[in-house]
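I set out to record, entry by entry, what I looked up in this structure. The entries follow the order in which I consulted it.

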Amino acid sequence: MSKLKQVDGSFELWMETDDGTSEHLKLSMPSWSDLLEQFRLWGDVFHASDWEKLVDPEAHLWPGVRAVIWLCDEEDHQPMINWQPSS
């Protein structure tokens with residue numbers, strides 16, 4: 001099962017990968033709006049109202065939601081999550 005948690009300027013995601021592993025990712029920024037800038041929805045700008053396309057009221061990802069995540073070891077390149085909800 002995949003789940004996410006939002007608290008102030010941080011975001012945690014537990015996910016199952018296509019390779020069959022379980023992963024945990026935590027992102028933190030000074031503010032929630034700064035953190036939202038690291039998200040995309042099908043490659044477009046992510047809006048706070050887009051959450052309902054991704055999660056149920058208990059913060060579990062809806063079936064079929066996928067995410068492409070880019071992580072870089074260099075500090076000047078922030079992680080990016082491109083959400084892809086099911087159609």
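**Entry 1: the acidic surface**

I began with Glu-74, which counts as partly exposed because its relative accessibility is 45%. The cut-offs I used are under 20% relative accessible area for buried, over 50% for exposed, and partly exposed in between, with a 1.4 Å probe and protein chains only. I worked throughout on a predicted model, in which local features need pLDDT of at least 70 and side-chain atom pairs count only at pLDDT 80 or more, whereas totals for chains, interfaces and linings use all residues. Residues are numbered from 1 along each chain as its sequence is written, and side-chain values use heavy atoms, with hydrogens and water left out.

I placed Glu-74 in the loop between β6 and β7. Helices (H or I, at least four residues) and strands (E, at least two) are DSSP runs numbered from the N terminus. I found Glu-74 in a surface patch of negative charge together with Asp-73, Glu-75 and Asp-76. Such a patch joins like charges within 9 Å, taking residues with over 30% relative accessible area and no salt bridge.

**Entry 2: other residues of that loop**

I noted two further residues in the loop between β6 and β7: Leu-71 and His-77. Leu-71 is exposed, because its relative accessibility is 59%. His-77 is partly exposed at 41%. His-77 and His-60 are 17 residues apart in sequence, and I read 28 Å between their C-alpha atoms.

**Entry 3: salt bridges**

How many salt bridges does the structure hold? I found two, a salt bridge being a side-chain nitrogen of Lys or Arg within 4 Å of a carboxyl oxygen of Asp or Glu.

One joins the side chains of Asp-18 and Arg-66, at 2.7 Å from N to O. Asp-18 sits in the loop between β2 and β3 and Arg-66 in strand β6, so this pair ties together parts that are 48 residues apart in sequence. Asp-18 is exposed at 65% relative accessibility, while Arg-66 is partly exposed at 44%.

Asp-50 and Lys-53 also form a salt bridge, with their closest N and O atoms 3.0 Å apart. Is Asp-50 buried or exposed? I recorded Asp-50 as buried, because its relative accessibility is 5%. Lys-53 has a relative accessible area of 43% and is partly exposed.

**Entry 4: the nonpolar core**

I then turned to the largest nonpolar core, which has 18 residues. A nonpolar core is a set of buried Ala, Val, Leu, Ile, Met, Phe, Trp, Tyr and Cys residues joined through side-chain atoms within 4.5 Å. Phe-11, Phe-39, Leu-54 and Trp-83 touch the most other members. At least two residues come from each of β2 (10–16), β3 (22–28), α1 (32–36), β4 (39–41) and β7 (80–84). The most come from β2, which gives three.

**Entry 5: two exposed loop residues**

I looked up Trp-42 in the loop between β4 and β5. The phi angle of Trp-42 is near 55°, a positive value in a residue other than glycine. Trp-42 counts as exposed, because its relative accessibility is 51%.

My last entry concerns Glu-52, in the loop between β5 (44–45) and β6 (66–70). Glu-52 is exposed at 62% relative accessibility. I found its C-alpha atom 9.1 Å from that of Trp-62, ten residues away along the chain.

Methods. Patch = residues over 30% accessible without salt bridge, like charges linked within 9 Å, V, L, I, M, F, W, Y side chains within 5 Å. Areas by Shrake-Rupley, 256 points an atom, 1.4 Å probe, with all protein chains shown as cover. Lys, Arg positive; Asp, Glu negative; His and termini not counted. Charge placed at Lys NZ, Arg CZ, Asp CG, Glu CD.
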